[in-house]
Amino acid sequence: ADRSRGLGDVYKRQATEAQRNGVLKEMGATLIKRLEFIGVSHHKNKGMTAEEAVSRFTDHPNIEFIERNGYYELGEIPNDPLFPEQWSLQNIPDNPTDPIADIRATNAWDIERGSDQIIVGVIDHVIDVDHPDLNPNLYRNYNEIPKNGIDDDNNGFIDDFYGIGYQGGSYTPTYTHGTAVAGVIGAKTDNEEGIAGVCWDVSIMKLGGQLTYDGVALKIGYAIDNYVHILNMSFTGSDVETQWLACEAADAAGIYMVCIAGNLSLDIDLHPYYPVCYTFDHIISVTGTDRKDQQSFNYGAESVDVGAPSYALTCYPGGTYEWVSGTSFSAPHTSGVLALMMSKYGPDSGVDFKAKLMETVDHLESLEGKCVSEGRINAFLALADPDYAAPATIRKVTIKEIASTWIELEWT
């Protein structure tokens, strides 16, 4: 809604003070402020609306231009009721001296909000496909009839309507972790329900079941066959040939694999985990950051690429929401940003999404020597067009205040 109440005008530069006052009198307006450096005045008008004043005085001989005053909009704010608590997406620090620490999601959403054409596969346990904040953004295989116990499309998987999952046997499925990961990536946003996801729109493919070596390889194969663009891999394990071969195949298919550094406090350059420590071009390895922009959990100056928030308020089974922590949730923040990037540029555009993601991080002192980019992901910068314009020349610098650890400058 337009909440403006005044209007701005510029008098003809040759107008006298008497002519300026005459214009004010004609308009029935009072001067609020004058921006001398650009010659613009802001007036409060009485007796007519701003629209009426603009229409009436546009061609006035002593006015160069006249326009309504108004408000700039901040980054896009969704109406999800729990969004104000999601500091990883938009952080308003309790202490004004604390870092912002978020991924600048609201600014990114002014540029791109996602697309259901981008498929993100979540290799995890099981996703609660009936969660009201997740179901609208789940991948759907319309060649399959759900829950009829038949492999309708003859692809070797029964009822893979949302992807593949628990296939029976002695394994007891766990819904919490996969549901939470999926919520960070793409909980349906601006739907007056629950939380916001990094992507407002996306297709999240369920790749659930046991995380055995052969089980993960099976899921990666399914993702390749079904043209997944991004795989979120919030798990760690040993270096085994089956896993390496599956990741090699995904890399050859151009699938970005977002992998976690792990949840201890280890240097994984010295104590490697997998698949995060594989060196395939399409693997993106992620460490954690907290609300103070401090590095958290495992790290590696050579093995880890970027940092991302490792704390999230996200979806939980049964239509609920919970706070979670760990690099398991740094990865889906990163997967979500990758999905936004692909939505903007196109997955087959030739953009090196890993390089662009790493080039546009916010550099953090806490990540120096802890990951290759030494920064936390910034969704806005990853989407924004580069600005090649040089800044204006600084003519005068004034020291306003000096303290023991900081200095405040003012310049023109």
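**Helix packing, cavity and local geometry**

The axes of helix α5 (residues 213–225) and helix α6 (residues 241–252) come within 9 Å and cross at roughly 10°. Axes here are lines fitted to C-alpha atoms over the stretch in contact, with angles from 0 to 180 degrees between N-to-C directions. Helix α5 is therefore roughly parallel to α6 (angles under 35 degrees). Tyr 213, Asp 214, Ala 217, Ile 220 and Ile 224 form the α5 side of the contact, and Thr 242, Ala 246, Cys 247, Ala 249 and Ala 250 the α6 side (heavy atoms within 4.5 Å). Eight of these residues are nonpolar, one is polar and one is charged. Nonpolar covers Ala, Val, Leu, Ile, Met, Phe, Trp, Tyr, Cys and Pro; charged covers Asp, Glu, Lys and Arg; the others, Gly among them, are polar.

The model is predicted: local features need pLDDT of at least 70 and side-chain atom pairs pLDDT 80 or more, while totals for chains, interfaces and linings use all residues. Residues are numbered from 1 along each chain as its sequence is written, and side-chain values use heavy atoms, without hydrogens and water. Helices (H or I, at least four residues) and strands (E, at least two) are DSSP runs numbered from the N terminus.

The whole structure holds one cavity of 30 Å³ or more. A cavity is a set of points on a 1 Å grid over the protein atoms alone where a 1.4 Å probe fits but cannot get out; lining residues have an atom within 4 Å of a point. The largest cavity has a volume of about 60 Å³, taken as the space filled by probe spheres set on the points. Its lining includes Gln 86, Leu 89, Val 198 and His 333. Helix α4 (176–186) and strand β13 (311–316) each give two or more residues to this lining. The lining has six nonpolar, five polar and no charged residues.

Seven salt bridges were found (a side-chain nitrogen of Lys or Arg within 4 Å of a carboxyl oxygen of Asp or Glu). One joins Lys 354 and Asp 305 (3.7 Å, N to O). Lys 354 lies in helix α8 (residues 353–359) and Asp 305 in the loop between β11 (295–296) and β12 (306–309), so the pair ties together parts 49 residues apart in sequence.

A cis peptide bond joins Tyr 274 and Pro 275, with omega about 10°.

Terms used
1 Å grid on protein atoms, 1.4 Å probe; cavity = no way out; pocket = protein on both sides within 12 Å on 5 of 7 lines; lining within 4 Å. Parallel < 35°, antiparallel > 145°, perpendicular 65-115°, else oblique.
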